[in-house]
Amino acid sequence: MSAIAGILNLNHDPINPEHMEGLMNSFQKFPADKVDSWTKDHLFFGCHAQWITPESVGERLPCYDHERNLLITADAIIDNREELFEKLQINQSLRSMLPDSQLILLAYSKWKEDVPKYLVGDFAFVIWDEKQQKLFGARDFSGTRTLYFYRDTSRFAFSTLIEPLLKLPYVEKKLNEQWLAQFLVIPTLVEAADTSITVYQNIEQLPPSHSITIKNGRITISKYQSIPPDDTLKLKSDYEYEEAFREVWNKVVTEKVRSSGQVGSHLSGGLDSGSVVSFASRALRKENKRLLTFSYILEETFNDWTPGYYVADETPYIKETVNYVGNIEDHYLNFPGKSPLEEIDDFLEIMEMPYKFFENSFWLKGISEEAASKGVKVLLNGARGNHSISWGSYALNMNYYTSLMKRFRWVELNKELDNYCENFITGKSIMLPLVIKEAFPNFFKKSNNTQYEFPSFINQSFAQKTKVYEKLNHYGIDLSGGNVTGNLGEYRRNHYEQPYFWNKSGVANTNFSLRYSLWDRDPTNDLRVVRFCLSVPEEQYVKHGMIRSLIRRSTENILPEKVRMNHNKRGIQGADTIHRLSKNWKGFLDEIKKLDRNSAAAEFIDTDFLKNSISRIDEKPTPELVWKDDFKILTRSLIVNKFLEKYF
């Protein structure tokens, strides 16, 4: 709900007023409900507050607790308030309007440095413990809120954003070549595997699920949480798993609609956002509020070129959900004339670093703008659902069927295959040989197909200088960019254990929220939902011949059948990217062609590779280009080049 900043002079020198002003003035471009600061001797805390929840209205941050001699500044929404009220034995009369920052402070008073283990929500906070002469801070498990810092032998400074720290006269603005090398080599949307570093050499960040402690001049950073549960949930029937899911899901979504203004949600035609919307609408009905939904749709001039199993235009599915769920004010946004090319400069300012989601940038920004204009303070989404509530894939189903075959549970296998074939309009004569081949691979001739690898476009001298491949191997990063193989359960758990999967979302959500004074909230990424879904036996995600079985079964009579039981059509983002660029294709090509001459990035990017990629792009664009590696590489190179030209 805030941008926070602070300085602790480790040498006990008084705080320079100009340094305080430099930090806080950097936030002036963002809307604020209250701006305040606290200074004493060698310590400064500041807060540029936006009031998002009812409890935050009128809240004063930074806040000093005279009884406990504790000072806090916080960027936080805490969801498990009722649980904390009970554990902390907070008086009933104080609970309804107790700000989340005060709740964190009371929790710290009881649990000290273990406090983040007890918090569920989106948070980054810093506490000064005056009695202990100790500074303590933490960031939530998936890094939904950012926290950057600078340190040297005599000073420690922190901020929600990078820019304020660069305004400090003792912070040198220098490119972090290791961060850039990782950005260029990693084929997925992950920016860097090392989540403690940033694109600036002297600016660090607190990784997700980590806390920081400073005492007697010593700085300690440690991981406070492991996400996957230890035990598998064991219930008596499929129905009990569905009931258990609905109970957890309803609680989490209901808590996430706390808002001092309107509540909105992204809505596509799929299961994840549809499940968010259906439960949020119910919760808001009890408050006599309507849910505002925002859906990105295609321009009217777009001609659908995608294969039949993709749905580029999800409008019919979206309207099915809206009409079935009710209590919704729906908005359909096609942003005529907009393209991701014209958003690069502004997005670099928003992200404060290069980014990889070129295709989606303009509509993500556009939806936030539209939602803010309608008074939305909380904007829900289902972005992380693929790994939690709607976990499942063809590969997961095949793993289950092969396990049934190998355990000689053929009656059950026969029933599951019958259901699968009905759902996916295929035949058992097709599926059964595939299952047998998967179950007994040694009896079949191995395929000579080579695994796909994402092309390397980093300058190899730069790669050797930074030893980037060795670094990424240490983090277990898959450089192929292909489909997930091997044990899917282990892959899923690893996804929640490795913080680098999360950083992109935290940066974008934090910076969007500050610009538009609204908070993106994802119930599918709630810690309780994640832990519940990880504890559910994998067979629950494949039952009855369904992919994503648990969410489909659990939303019966909650989502419309056209959406709930849609097995054969899949929504796709970015299908209209080339269509939008084609209106100024020459301008796009001109920008791309600049990359191989006078390029700021020539030291870091293989320019010969870029020339070959450019040669493969036709003067007349084809829509399929959006899926090509050449397009990804060229747009990423363009973004890196613009960043270097603009900021270095």
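Predicted model: local features only at pLDDT ≥ 70, side-chain atom pairs only at ≥ 80, totals over all residues.
Reader: Why is histidine 579 called buried?

Author: The term buried requires a relative accessible area under 20%. Histidine 579 has a relative accessible area of 18%, and therefore it is called buried.

Reader: Where is histidine 579 placed, and which residues does histidine 579 touch?

Author: Histidine 579 belongs to helix α22 (residues 577-581). Leaving aside residues up to four places away in sequence, histidine 579 touches Glu299, Thr301 and Phe302.

Reader: What makes α4 largely enclosed by the rest of the structure?

Author: Of the 12 residues of α4, 9 are buried, so the helix is largely enclosed. Among the buried residues are Asp100, Ser101, Leu103 and Trp111. The cover over the buried residues of α4 includes the strands β4 (63-65), β5 (70-78), β6 (121-129) and β7 (134-139), together with the helix α2 (81-88).

Reader: How do you know that the span of α4 is close to the expected one?

Author: Helix α4 (residues 100-111) reaches 16 Å from its first C-alpha to its last, and 16 Å is also what is expected at 1.5 Å a residue. Just after α4, lysine 112 takes a positive phi of about 55°.

Reader: What makes up the lining of the second largest pocket, by class?

Author: The lining has 5 nonpolar, no polar and 6 charged residues. Tyr200 and Tyr647 belong to this lining, and tyrosine counts as nonpolar. Lys29 and Glu163 also line the pocket, and lysine and glutamate count as charged. Both α5 (163-166) and α25 (629-647) supply at least two lining residues each. The space in this pocket is about 210 Å³.

Definitions and conventions: Residues numbered from 1 in each chain as written. Heavy atoms only, no water. 1 Å grid on protein atoms, 1.4 Å probe; cavity = no way out; pocket = protein on both sides within 12 Å on 5 of 7 lines; lining within 4 Å. Points joined across faces, edges and corners; volume = space filled by probe spheres on them. Helix = DSSP H or I, 4+ residues; strand = E, 2+ residues; numbered from the N terminus. Expected span 1.5 Å × (residues − 1). Buried < 20%, exposed > 50% of the residue type's maximum accessible area, 1.4 Å probe, protein only. Contact = heavy atoms within 4.5 Å.
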